[in-house]
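Dear colleague,

I am passing on the structure below, and after it you will find my notes on what was found there. Please read them with the coordinates open.

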Amino acid sequence: MLEQKLEYIFNKFDHESEFDSYQELASGHINDTYLIKTKEKPFFVLQRINHGVFKDVPGLIENKVAISRHIEEKLKDLPEKKRKRRVLTFAKTNTGESYYKDEEGNYWNIMYFIDDSVTFEIVRDQKIAYEGGRLMGKFLTLTNDFNASKLTEVIPKFHDMSFRYAQFEDALKVASKERLNNAKEQIKLVENLKKEMHIIQRLKESGAIKTRVTHNDTKISNILFSSKNKGLCVIDTDTVMPGIVHYDFGDAIRTICNTAAEDETNLDLVEFNVDFYKAYTKGFLKKMKPFLSPIELEYLPLGAKTMIFIMGLRFLTDYLNGDIYYKTKYPEHNFDRAKNQFKLIESFSEKVSTLKKIK
Ligand code: GN1
Ligand code: MG
């Protein structure tokens, strides 16, 4: 049934390929993503965009197509084959659109699958952290001259701390007694960190930190590596929109420096890895340093803490709301994710004086 549906959607796109089979790529929390295997390569990635979460899907697709084109133009000196491994290429529908809207109102888009590549959920090797940083830094340098105000804000206030606190405070009012009671400790922590967790936002609002094109979902699983572990291509550009460098630096650090997966329930395994922070930062700044002001640089460590925190806050909020936003695999999944992120903050805080020396 699903197979037939996917084949039907796949054939709405202009790629001259024949559908063979599919495989679900289940690591995302919002959209549905499938690898489409064809009779002859290339393979494709077919994605159903969650339009409950993303209210302006055409705007989202326009954003990512425009960013891909911009990067492609920057890489035009590379041979085509190589270039197509460094930037996402989207296929158009048979009628020339960048997305297909099906009879049920679902939006679909297709990318060419970048073959012979790997992704990671957890980093075990410093070189991966370095390469991840280099690639993210490169992504930001290549998009640095793109006018961010031309991008649709696909989720308004996505990383806005006051907005996320307001959602949390609303969730406290509707949460079940049981969940409120379970999360007592975490709720207290959120309240205690309120002032510190607004520092970066205040700097943004005052103009001290500039707005630029950012990816906004730079977790390690959104970085594609070659089979030789070289950073290849930044993927999942759904949330590309105006932001600040701390969002992308911080969200990558959140996953790269966590010694466990974001939903690991054994919190003894969750530690902040300083060596990976060093390696990521080295790779990132190799590309990005010339584009950063002293104040942007100075606040990178707090940016990391802020992004770990905001994800913990959002998972906790969703838990209190009764799991209405993220995909979950079991009832306490969001709560486990929140506890995991807050444990990472604790470990980060123990090591912060070392991190501040890394520039
Ligand atoms: C969501 O769907 P996915 O996995 O690409 C979320 C990100 C979070 C991430 C946590 C639109 O991303 O903000 O960092 O989960 N995306 C949205 O893993 O909310
Ligand atoms: Mg994403």
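Which helix gives the most to the shell around ligand 1? That is helix 12 (residues 300–320), with three residues, where helices are DSSP runs of H or I of at least four residues and strands are runs of E of at least two, numbered from the N terminus.

This is a predicted model, in which local features need pLDDT of at least 70 and side-chain atom pairs count only at pLDDT 80 or more, while totals for chains, interfaces and linings use all residues. Residues are numbered from 1 along each chain as its sequence is written, chains are lettered from A and ligands numbered from 1 in the order in which they are written, and side-chain values use heavy atoms, with hydrogens and water left out.

Around ligand 1 there are 16 residues, the closest being Asp217, Lys219, Glu262, Arg314 and Tyr325 (a residue is near if one of its heavy atoms lies within 4 Å). Domain 1 (2–115) and domain 2 (126–355) both contribute residues to this shell, so ligand 1 lies between them; the bounds come from an automatic or database domain assignment.

Oxygen atoms of ligand 1 lie 2.6 Å from a side-chain N or O atom of Lys219, 2.7 Å from one of Arg314 and 2.8 Å from one of Glu262 (a polar contact is a pair of N or O atoms within 3.5 Å).

Elsewhere, the peptide bond from Lys41 to Pro42 is cis, with omega near 15°, and Pro42 sits in the loop between strand 2 (32–38) and strand 3 (44–49).

Best wishes

Methods. A polar contact is a pair of N or O atoms within 3.5 Å; within protein, one must be able to donate a hydrogen and the other to accept it, and residues adjacent in sequence count only if both atoms are side-chain atoms.
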